[in-house]
Amino acid sequence: MTRKGYMGKILMVDLSKGTIEEEVLPDSVYEKYLGGMGLGAYVLYNRIPKGADPLGPDNMLGFLPGLLTGTGSLFTGRWMVVGKSPLTGTWGDANCGGTFSPEIKRCGYDGIFVKGISPKPVYLYIDDRVKELRDAADVWGMDAVETEEYLEKNAKKTGKKPKVACIGPAGEKVSLISGISTNKGRMAARSGLGAVMGSKRLKAVVLSGNKRIEAYNKEEMKKISQVCDFWSRIQPPFVTGPMTAFVGALMRILPTVLTQDGLLYKIMLKKWGTVAMNQMSPEMGDSPIKNWKGSSKDWGFMKSYSSNPDVFTKCETVKFHCYSCPVGCGGICTMEGKYTHTHKPEYETVLSLGGLCMNDDVDAIFYLNEVLNRAGMDTISAGHAVAFAIECFEEGVITKNDTDGLELTWGNSDAIVKLIEKMVKREGFGHVLADGVKQAVVRIGRNSETYAVHAGGQEPAMHDSRNDPGFALHYSVEATPGRHTLGSHLYYEMYQLWKVVKGIPKLPPMYLKGSKYKNSEKQAKIGAANSRYMTLVNATGACLFGSFIGARRFRLFDWMNAATGWNLTPNQYMDLAGDIHTLKQAFNVKHGIEPMELKISDRALGRPVQSEGANKGRTIEIEEMMAHYWEEFGWDQATGKPGREAMDRITVGA
Ligand code: SF4
């Protein structure tokens, strides 16, 4: 019988033995774990032995498209890489767009899993006839862009242009903040999974398939996609780049908040990409400034102006769309005399290397974006490591003797550039920071912990948890800590999930800003719904930004039914997602993680409280929220460990 939506098979590669084997999975696995991150959780929970070294042969790395990828749905061309994170020791995953995801399915698989360690550098090559490990001696040492160009050119001799996911020098050097790159600069950056690939001496995965991806009800898929496409195309004129700062300031000043319709964000995203937030976010208190110690007062209009959104669209020569995306928030930029073809930096990158380090030199940010993308290093974590080092320097914890003579003062862009160049090469003081903030604390010692902001080792993103308690919660409670893509109060507003899912909190059209910080029980229910929904987004290969346009316009549940022929209600899908969520938490417990220890650093919770700026006077009562959140999933309120009933719902023993 033809499978619908999914391909029904995974590929298992053992690099130690040099073997490649297909495995057929029963339908029941897909009916329970769906695909993407859900399928990854099912395989990794069962097959990575307890206590496995993340950089050892027992760790597995999985490359997964989504259940919906290639089925005719929109915004569903993202792929996941999953594995035990060497950065946090927890469940690890990273998400990336581009065009790699459907190619996994076109090769016939719902996931490609790799274990073992190769005796020499190799890359995995798959097309319709060939599956083999090839010698990577020629590309080992090349940066991510060079690697992709070389492998594309080489494989062309045998057929169509392949899709490549690879590591750069940072992954080869097993930097714990390295990621995996596709499309010459799109990065699955988080959780340090580039280091896992480097530790396995796997330089790249190169795919070129032609298999058909079927949907159960193509007509229905088309109808649902037309609705989504209609809303995605709505694009009224909007303010200029610098005017976004005033919108942000207004949001800071007003005591009330309009529950946000995500269509507004979509309009900004389509016009500018994520850099739309470069000025708005600092003004409203969403961007952490000066290593989370500063505030909107330190990064006012004059400071943020150099990176106003229009600066980025002016040099954008063409929009970059991930597969099946009608918005295209990415862009390829050319700056005369500097760059001819570089990915537009993301908001996260601009603020990590900008406001977090008090650096308003936008040329340096463009340059470092390219350096880090080519090296395959996470820009968010790199920015945090630098900001941490600057504060240590300013506070006298380290001196020029430690920094190879660099004058690490706030906003010193020359020193920041030199330091990041050292980090990607693991040279001198760069080595101290090349594995992220938590490892840097171990290497520096001397009370430097005071200035480190992370959750279980993962540097959080550029969304201030004091401004949105939802970020504080998800940074602290997720199996993959410190992640901004898993939920926030604002995201919940934009999903408008209560319009299709029964029994979850409904938000009024307008509310008092202070109410977000009260009623931890309601906040936990919102958080649990966020986690469940994002589990579905990540299981289907969907884009978070697509989901922002609202559940009645971005009809994820209906797409899943039409693609597979299943007939589940939104609540039934949310229940399945809850079980996948439990499986990831159980993965952590199996590997000896104490969930409470993943809580984000005090500074990000308003401890001590800020005395000025947008987040003045705010403290997040995180412990209470965490307890209520864990209860929502049937996990122990005090420890966060899944209870017997929750565990019984998980099928184990694959
Ligand atoms: S909105 Fe942006 S990130 Fe999302 S799928 Fe489209 S191009 Fe990719």
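What distance separates the centres of domain 1 and domain 3, taken over C-alpha atoms? In this predicted model the two centres lie 26 Å apart, within a protein chain divided into domain 1 (9–208), domain 2 (220–451) and domain 3 (469–495 + 509–648), the bounds coming from an automatic or database domain assignment. Because the model is predicted, local features need pLDDT of at least 70 and side-chain atom pairs count only at pLDDT 80 or more, whereas totals for chains, interfaces and linings use all residues. Residues are numbered from 1 along each chain as its sequence is written.

**Domain 1 against domain 3**
- The contact between these domains takes 39 residues from domain 1 and 29 residues from domain 3, two residues being in contact if their C-beta atoms, placed from the backbone, lie within 7 Å.
- On the side of domain 1 that touches domain 3, helix 1 (27–33), helix 2 (36–47), strand 4 (79–84) and strand 5 (91–96) each supply at least two residues, and the largest share, seven residues, comes from helix 2; helices (H or I, at least four residues) and strands (E, at least two) are DSSP runs, numbered from the N terminus.
- That side of domain 1 divides into 15 nonpolar, 18 polar and six charged residues, where Ala, Val, Leu, Ile, Met, Phe, Trp, Tyr, Cys and Pro count as nonpolar, Asp, Glu, Lys and Arg as charged, and the others, Gly among them, as polar.

**Helix pairs**
- Helix 2 and helix 21 pack with their axes 4 Å apart at an angle of about 90 degrees, where axes are lines fitted to C-alpha atoms, for helices over the stretch in contact, and angles run from 0 to 180 degrees between N-to-C directions.
- Helix 2 and helix 21 are therefore roughly perpendicular to each other, given that 65 to 115 degrees counts as roughly perpendicular, under 35 as roughly parallel, over 145 as roughly antiparallel and the rest as oblique.
- Gly36, Met37 and Gly38 of helix 2 meet Thr535, Asn538, Ala539 and Thr540 of helix 21, a set with two nonpolar, five polar and no charged residues.
- The axes of helix 14 (residues 362–375) and helix 16 (residues 413–425) come within 10 Å and cross at roughly 5 degrees, which means that helix 14 is roughly parallel to helix 16.
- The residues of the contact of helix 14 with helix 16 divide into ten nonpolar, one polar and one charged.

**Ligand surroundings**
- The residues around the ligand are Phe75, Gly97, His321, Cys322, Cys325, Val327, Gly328, Cys329, Gly330, Cys543 and Phe545, a residue being near a molecule or strand if its C-beta atom, placed from the backbone, lies within 6 Å of it.
- This shell has seven nonpolar, four polar and no charged residues.

**Backbone details**
- Serine 324, in the loop between strand 14 (316–320) and strand 15 (330–335), has a positive phi near 65 degrees and counts as buried with 24 C-beta neighbours inside 10 Å, the classes being buried for 20 or more other C-beta atoms within 10 Å of a residue's own, exposed for 12 or fewer, and partly exposed in between, with C-beta atoms placed from the backbone.
- Arginine 446, in the loop between helix 18 (437–444) and helix 19, also has a positive phi, near 45 degrees, but counts as partly exposed with 13 C-beta neighbours inside 10 Å.
- The peptide bond from arginine 607 to proline 608 is cis, with omega near 5 degrees, and proline 608 lies in the loop between helix 24 (570–590) and helix 25.
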